[in-house]
Amino acid sequence: MLRAFANFTPERLESSIKQSEFKTILFSLCFFHSIVLGRRKFGYQGWSRSYSFNTGDLTISADVLYNYLESNDAIPWADLRYIFGEIMYGGHITDKWDRRTCCTYLELFMREALFEEMELAPKFQVAPVGSYSEYEEYIENSLPDESPVMFGLHPNAEIDFLTNEAQNLFSAIAMLRTATSSGVSGLVESKETRISNRIAELLESIDSKHFDMMEISGRADKKNPYVCVVLQECERMNLLLNEIKVSLRELKRGLNGELTISEQMDQLLNAIDLDKVPMIWTKVAYPSLRSLPTWFKDLMRRIEQLEEWSSELMLPKTVWISGLFNPMSFLTAVMQTTARKTGQPLDKMCLQTEVLKRYKSDITSIPRDGCYIHGLFLEGAGWDIKSSVLCESELKELNTEMPVIHVKAVPVDKRDLKNVYECPVYITSQRGPTFIFTAQLKTKHEVSKWVLAGAALLLQPKTV
């Protein structure tokens, strides 16, 4: 905040003919700039992509503010918010949900209430109009200690940030250990033995896993959208299983001295040693940030769901959507099925979600319209199952498991958006490129609360 304010001189502060308005709005603009930059600390929950916000955005925005105040009798709040949020700072932003966050800050920081001693953050009010030195003194003495709450985030965001820092440190140490141990014969022998045993375990668990596509397709009398989804999922799973089996068998032969260790085999060996998912597998797999042991357990669960689904080719009572290669294809199948049933054009349909008060074990049949899905987790907020509304997260509970969600297709003009937070759904906590669709979650609070909290639904939280 001090660094942002230091971009302006005392002369610049006193230059406007509307000194009171200019000083107050400029102070709020500096705070906005500080918040936008500081939010990057919290990783993907702060901004789902990396943006190069800079001092030029602040100084040019101040020039725009000065010019608008000089040439208008009334303060053009809407124009200022648009220029700052869509052009100056928004010019860096490529993700629509991040743009929503930026514009939400401006809705709160750029309004008439600035002149009524409103709070920019908890326990931090707009500074009273004064001299340059008085503003500096106010920032030094009145600005609270930095915390997630200042940014509108939950305190859990700090825990997540520190956890990520620790994991990155331990990952670097593990990589250094692997690199330095390569020249010690005893350690190499131990490593090869360990990898060989691990390969044997992995191959044993998936050796018999395979989907007979000819047999499954032959049993499908009518290839409705849901059947097409399961066939596509089985094909993708076969590709992944084949890649895993072939690469592991080659590496096993290389460790036994039957083949020359190639660069690809060496990368596979090191990945297994570091408990990371090998790059050669991720190319044909699904987005995931899991370590190798949890990734493999997740893979076995995915295979189990596909085996059950493909055995009868009937839509499950509730679909574990997190276990699909392409969740969006399944959701598109929901819209296609409804469009065929109602005669509505597909491009006029959209998805509507309703969170039930039941979990997977409570579901006994499929719904009349749409489908039930489970396996989603809420980050940045909690869920009050009794009232079926968003609530504050419990401290240290980084991800809240959601009950079963009813997804159905409705005409775009009949969406229910009253008291609803439009919640983005992502595959992983990396957010950004893993976006799938938008869910509607009921709320009793202002929507801006959850926007600034970075509330989102995840299919694969890191803590599970």
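Reply: What follows starts with the helix pair and then turns to the chain around it.

The model is a predicted one. Its protein chain holds 17 helices and 13 strands, and the pair considered here is helix α5, residues 55-71, and helix α6, residues 77-88.

Two packed helices are described by the angle between their axes and by the distance between those axes. For α5 and α6 the angle is about 155 degrees, and the axes lie 11 Å apart. Angles over 145 degrees count as roughly antiparallel, and α5 and α6 are therefore roughly antiparallel to each other. The crossing of α5 and α6 is right-handed.

The next point is the residues themselves. On the α5 side, the contact is made by Asp57, Ile60, Ser61, Val64, Leu65 and Tyr68. On the α6 side, Asp79, Leu80, Ile83, Phe84 and Met88 take part. Sorted by type, the residues of this contact are eight nonpolar, one polar and two charged.

Now for the chain as a whole. The protein chain has 464 residues, of which 49% count as buried. Its C-alpha trace spans about 80 × 70 × 35 Å along the principal axes. Among contacts in the chain with a separation of 6 or more, 71% are between residues 24 or more positions apart.

The largest nonpolar core has 77 residues, and Leu240, Trp281, Trp295 and Phe330 have the most contacts inside it. Helix α12, residues 225-255, supplies the largest share of this core, with 13 residues. As for Phe330, its contacts beyond the neighbours within four places in sequence are Tyr226, Val229, Trp309, Leu315, Val319, Leu324, Cys371 and Ile373. A second, separate core has 55 residues, including Trp77, Cys102, Phe109 and Leu120.

Thr104 is part of helix α7, which runs over residues 96-109. Buried means under 20% relative accessible area; Thr104 has a relative accessibility of 11%, so Thr104 counts as buried. Apart from neighbours within four places in sequence, Thr104 is in contact with Ser448, Val451 and Leu452.

To return to the pair: α5 and α6 pack at about 155 degrees, in a right-handed crossing, through a contact with eight nonpolar residues.

Conventions: Residues numbered from 1 in each chain as written. Predicted model: local features only at pLDDT ≥ 70, side-chain atom pairs only at ≥ 80, totals over all residues. Heavy atoms only, no water. Axes fitted to C-alpha atoms, helices over the stretch in contact; angles between N-to-C directions. Helix = DSSP H or I, 4+ residues; strand = E, 2+ residues; numbered from the N terminus. Parallel < 35°, antiparallel > 145°, perpendicular 65-115°, else oblique. Left-handed = near helix turned anticlockwise from the far one by under 90°. Contact = heavy atoms within 4.5 Å. Nonpolar A, V, L, I, M, F, W, Y, C, P; charged D, E, K, R; others polar. Core = buried A, V, L, I, M, F, W, Y, C linked by side-chain atoms within 4.5 Å. Buried < 20%, exposed > 50% of the residue type's maximum accessible area, 1.4 Å probe, protein only.
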